[in-house]
Amino acid sequence: MQNSFINQLKTNPVTPWIVIFVFLAIFSRTGGGTNEYSRYATLRAMSDQQTFKINDYVSWTIDWAQTPDGSYYSNKAPGPMFLAFPAFYLLEQITKFDIKEKFETKIDPVSGKSRTIRPNLPGPTTRTLIALITQLIPYAVLCFLLGNFLLQQGVPIWGVHFMAVALLFGNTASLFANIFFGHALTACLLLFSHFFLLQKKYFWVGLFFGLALLSDYTVTLLGPLVLINLIFANRREFRWMGKLLAGGLLPGILWCWYHISTCGSPFVIPAHFQNPIWQNMKHESHNLWGLFVLQIRWDLIGELIFGSMRGILFTQPWVLCLIPMQFFLYKKILQDKIMMSTSILCLIGLAFLLIMNSSFGGWHGGHTSGPRYLSMVFPIFALMAALFYGHLPKWCQGLLWISLMPSLVLRALVYGSTPLAHEQPIWPYLYNFMIAQEAGKGMLRFGLLLSGLILVALVVWLQRNKRLAHQSQDFINGKAL
């Protein structure tokens, strides 16, 4: 079995891309600010106090919700915290012996009992390891599995390479793989769910979709599309429903436990008690929780697609190039269930997320290098591009690669600067941030990522040409014999 795994590593074309993805991400210790600190506050409370309340750590973050009883909780969906907790708890038991660790004693004003807390944030090593365990490794494993799957489907080798590069480096979700924002994890879980749907492993579809929903509440919008794909794949057969529900049982239990404990009901989420500074839609006559306005704002949809601050055109233009190609291939898509289900989830899913995102008061996502509220669906576009690849004319294949290049340069800019770009045109902001780094560190990191990508591309190209040369020689020898 060990030899079989090693052989798969050697023969899977995505392996070199995975290696450089993990290597570069581990050595990038950029913090995620108030967003990830909100999750770490919950993890610290879970670890040290066996509660979801972050009363003692609320000073770490402005991303909190305050329930009517005065308790503070993270305003984030709890999935990432649940998945990270075993590793975090182990790391906490180790780091508490660090001589640099600080402890404080607090007296509960109600009970009068004392408790010891650690007021400092978890250190950079802990945060790096949490990202590695919960996001980087799952993302890498998923890419590896998709590489094998696409080869089995007869996808051309360059289509598999496109999937790997776009998935690991060319989309907004991948920017957050090494910080605890939750977007990379949600995108990974959602794509895992779709991957198992394509293989008709419905228990795993339920498990991973449930975990994705537990990690980001807006995954709810994609639920009907997953259900349509399940029905489409099985027609009149409904035995899959039992397996789907069994897979979703654990995420469902965790959902009920968390929301009953924090909000008093499984049907109430922390957004009901959001920090007032985020309730910027309260003045609208038709609003939801002060966060969303109940209308489609077409101007903001235009900004999310074409705008220089957060637009898809400026961050991952290959996605916009891929969308019309679905219409060129509609006959093939209608005949192929795998292509059809992937296309449905991508195209309609992106439309749903655009509508949701446009109605949100903080539609731009705050400090972020891309449209992060849309990001969960972009990795699925990478899979769709690979599935389409062999059916596209050469000029379309070339257009996909050309449109991927700006996304890779942007990824290098983020690596040399920050994933937390302010609400300004994204390219000049990241460039100015990068060149302002002391001792040219920003430019060095920018060059390191681009050089790494170019080096892997060169290795892949040489290996491919060498393989083709061997195949040609074998054919000549066989013909001579």
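This is a predicted model: local features need pLDDT of at least 70, side-chain atom pairs count only at pLDDT 80 or more; totals for chains, interfaces and linings use all residues.
Reply: Rings of Phe, Tyr and Trp (its six-membered ring) pair if their centres lie within 6.5 Å; planes under 30 degrees apart count as stacked, over 60 as edge-to-face and the rest as tilted. In this structure, F149, F192, F195, F196, F203, W204 and F208 form one aromatic cluster.

Me: How many aromatic pairs does the structure hold?

Reply: There are 31 aromatic pairs in the structure. In one of them, the ring centres of Y429 and F433 are 6.1 Å apart and the planes meet at 40°, so this pair is tilted.

Me: Where do Y429 and F433 lie in helix α20?

Reply: Helices (H or I, at least four residues) and strands (E, at least two) are DSSP runs, numbered from the N terminus. Helix α20 covers residues 426-435, and within it Y429 and F433 are 4 residues apart, which means that about one helical turn separates them. For the protein, the count is 21 helices and 6 strands.

Me: Is Y429 buried or exposed?

Reply: Buried means under 20% relative accessible area, exposed over 50%, partly exposed in between (1.4 Å probe, protein chains only). Y429 is buried, at a relative accessible area of 12%, whereas F433 is partly exposed, at 30%. Of the 481 residues in the protein, 55% are buried.

Me: How much space lies in the largest pocket?

Reply: On a 1 Å grid over the protein atoms alone, a cavity is a set of points where a 1.4 Å probe fits but cannot get out; a pocket is an open set with protein on both sides within 12 Å along at least five of seven lines, and lining residues have an atom within 4 Å of a point. A volume is the space filled by probe spheres set on the points, joined across faces, edges and corners. The largest pocket holds about 1200 Å³. Its lining has 47 residues, and K76, Q274, F360, R372 and Y373 lie nearest the centre. Two or more lining residues come from each of α3 (33-49), α8 (183-198), α9 (202-215), β6 (292-293) and α17 (337-359). Helix α3 gives the largest share, 4 residues.

Me: What does the lining of the largest pocket consist of by class?

Reply: Ala, Val, Leu, Ile, Met, Phe, Trp, Tyr, Cys and Pro count as nonpolar, Asp, Glu, Lys and Arg as charged, and the others, Gly among them, as polar. The largest pocket is lined by 21 nonpolar, 20 polar and 6 charged residues.

Me: What volume has the second largest pocket?

Reply: The volume of the second largest pocket is about 380 Å³. This pocket is lined by 18 residues, with G206, F209, L244, L245 and G248 closest to its centre. At least two lining residues come from each of α9, α10 (223-234), α11 (240-247) and α12 (249-263), and α9 supplies the largest share, 6 residues. The lining comprises 13 nonpolar and 5 polar residues, with no charged residues.

Me: How many cavities of 30 Å³ or more does the structure hold?

Reply: There are 5 cavities of 30 Å³ or more, and about 120 Å³ lies in the largest cavity. The largest cavity is lined by 17 residues, those closest to its centre being R29, T30, R127, T128 and N178. Helices α2 (15-26), α3 and α5 (124-152) each give at least two residues to this lining, and the largest share, 6 residues, belongs to α5. By class, the lining of the largest cavity has 9 nonpolar, 5 polar and 3 charged residues.

Key
Residues are numbered from 1 along each chain as its sequence is written. Side-chain values use heavy atoms; hydrogens and water are left out.
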